[in-house]
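This briefing goes through the side-chain interactions and packing of one chain, topic by topic. Please keep the sequence and the coordinates at hand while reading.

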Amino acid sequence: MAPEQHSGEELGRFLRARRTQTSPRTVGLTPGPGVRRTPGLRREELATLAGVSIDYYTRLERGKETRPSPAVVDALARALRLDDAEHQHLRDLAVRAARYAPQPVQAPSRTVRPHLKLLLESVRPYPAYIVSRGMDVLAHNPGGLALYTGIGDWPAKQRNLARYLFLHPAAREIFPDWDNQIRGCVARLRALAGTDPDAPDLTHLVGELLLKSPDFAGLWERYEVTGRKVATKTFQHPHVGRLTLGFQGMALEGTPGHRMGVYTAEPGTPDHDAVLLLDMTVTHAVAKPSEQEC
C-alpha cells in the first residue's frame, strides 16, 4: 500500500468517526423522514454544511482524496463542531495525507538522563514518574510507582500506564473514575497513532490492547482524540486509603517525547499525610533486606 493512501485512509477514518457521532440536532439540522442507518450525520449532510460536493467528501472519507486544502479542513471542522484539539488533529492528518513519502520512523528511546532521575528524587515525598509518549514508565521515585498498586510486580519493560489501566486487575479498584481514566488514555493514544501510525512502540501497544481488552477496542473504534482534562486524580489505595491529589504533567526539554508527571497535596491535609505514609512505607520496604535474598 502506498504511503499516501495509508495516510488518506487515516484521515477518512477520523472524519467518518466524527460524522457518525455527530447528531443532526447538534449542528442545527432537523432529521428528515425515513430510517437512518446511523444516528449521526449523513455524508450529504456534512458535505452541505462544509460547502463541498458529496462526491468530493465521499472521496475524502474513503481515503481516495489526500490533498484537502486548509480551507476545506477548517470548513469540515466547523461543520462537525470540533474542539481545538480535534481541529488540530484533523489538520495534522491532512498534512500527513498530502505527503508523498513518509517520514522516517525513529526507534523510541527509553534512556532517562541522570539529572532527570535526580529531579524525581528532589520532589519526594510527592509521587512522580517519567513516561514515554506511549506511556511506558521509564523512571520513577518510590511513590510514583507505589501509587499504581501492583505495577511494580511487572518487569520494568512491561510497565506502561495504558497497559495497567486496561489489563491489571487492580486498576478498576484503584481509580473510582476508571471509565473517565480509560477514555482519556485511549484519546491520547488515538491522537498519537493517527499522525504516526507506523511507530513501533505505538503499534505494538495498541495491537496488544485491541486483542486483550474489549473496553479498549470499543473506545478505539470511537476515534476520540480529546479526553477530560483533570487537575486532580483520586485513588483508592489499599495501603494508605483514599486520597485526592493534584496532578501536573509536563514535557521534558531535549527528550524524545518524554513527559514527567507529579502528584501533589497541600501540606497538613489528610491527603498529604497519606502521601508521606506511602513514601515512608516504600522507602522502608526497599531499605529492608529481602528475606528471600538472605
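Which residue's side chain is joined to that of His 237 by a polar contact of 3.3 Å? It is Thr 149. The model is predicted.

- His 237 belongs to strand S3 (residues 232-237).
- With a relative accessible area of 3%, His 237 is buried, the cut-off for that class being under 20%.
- A polar atom of the His 237 side chain lies 3.1 Å from the backbone nitrogen of His 239.
- Not counting residues up to four places away in sequence, His 237 touches Ala 146, Leu 147, Thr 149, Ile 174, Leu 243 and Leu 278.

**Salt bridges**

- The count of salt bridges comes to 14.
- One of them joins Glu 10 and Arg 190, with the closest N and O atoms 3.4 Å apart.
- Asp 215 and Arg 172 form another salt bridge, the closest N and O atoms being 2.8 Å apart. The pair links distant parts of the chain, 43 residues apart: Asp 215 is in helix H12 (residues 214-222) and Arg 172 in helix H9 (residues 171-174).
- Asp 215 is partly exposed at 34% relative accessibility, and Arg 172 is partly exposed at 48%.
- A further salt bridge, between Glu 208 and Lys 212, has its closest N and O atoms 3.2 Å apart. Both residues lie in helix H11 (residues 200-212), separated by four residues, or about one turn of the helix. Glu 208 counts as buried, at 14% relative accessibility.

- Leaving aside neighbours within four places in sequence, Leu 189 is in contact with Gly 134, Met 135, Ala 162, Leu 202, Leu 205, Phe 216 and Trp 220.
- In helix H4 (residues 70-79), the buried residues are Val 72, Val 73, Ala 75, Leu 76, Ala 77 and Ala 79. Arg 81, which follows H4, has a positive phi, near 60°.

**Aromatic rings**

- The structure holds 13 aromatic pairs. Among them is the tilted pair of Tyr 148 and Phe 175, at 6.0 Å centre to centre and with 55° between the planes.
- Tyr 148 lies in the loop between helix H7 (142-146) and helix H8 (161-167), and Phe 175 in the loop between H9 and H10, so the pair ties together parts that are 27 residues apart in sequence.
- Tyr 148 is buried at 5% relative accessible area, and Phe 175 is buried at 2%.
- One aromatic cluster is formed by Tyr 129, Tyr 148, Trp 154, Tyr 164, Phe 175, Phe 235, Phe 247 and Tyr 263.

**Charges over rings**

- The charged end of Arg 190 sits over the ring of Tyr 223, at 3.9 Å from the ring centre.
- Over the ring of Phe 247 sits the charged end of Lys 233, at 4.5 Å from the ring centre.

Methods: Residues are numbered from 1 along each chain as its sequence is written. This is a predicted model: local features need pLDDT of at least 70, side-chain atom pairs count only at pLDDT 80 or more; totals for chains, interfaces and linings use all residues. Side-chain values use heavy atoms; hydrogens and water are left out. A salt bridge is a side-chain nitrogen of Lys or Arg within 4 Å of a carboxyl oxygen of Asp or Glu. Helices (H or I, at least four residues) and strands (E, at least two) are DSSP runs, numbered from the N terminus. Buried means under 20% relative accessible area, exposed over 50%, partly exposed in between (1.4 Å probe, protein chains only). A polar contact is a pair of N or O atoms within 3.5 Å; within protein, one must be able to donate a hydrogen and the other to accept it, and residues adjacent in sequence count only if both atoms are side-chain atoms. Contact means heavy atoms within 4.5 Å. Rings of Phe, Tyr and Trp (its six-membered ring) pair if their centres lie within 6.5 Å; planes under 30 degrees apart count as stacked, over 60 as edge-to-face and the rest as tilted. A charge sits over a ring if NZ of Lys or CZ of Arg is within 6 Å of the ring centre and within 35 degrees of the ring normal.
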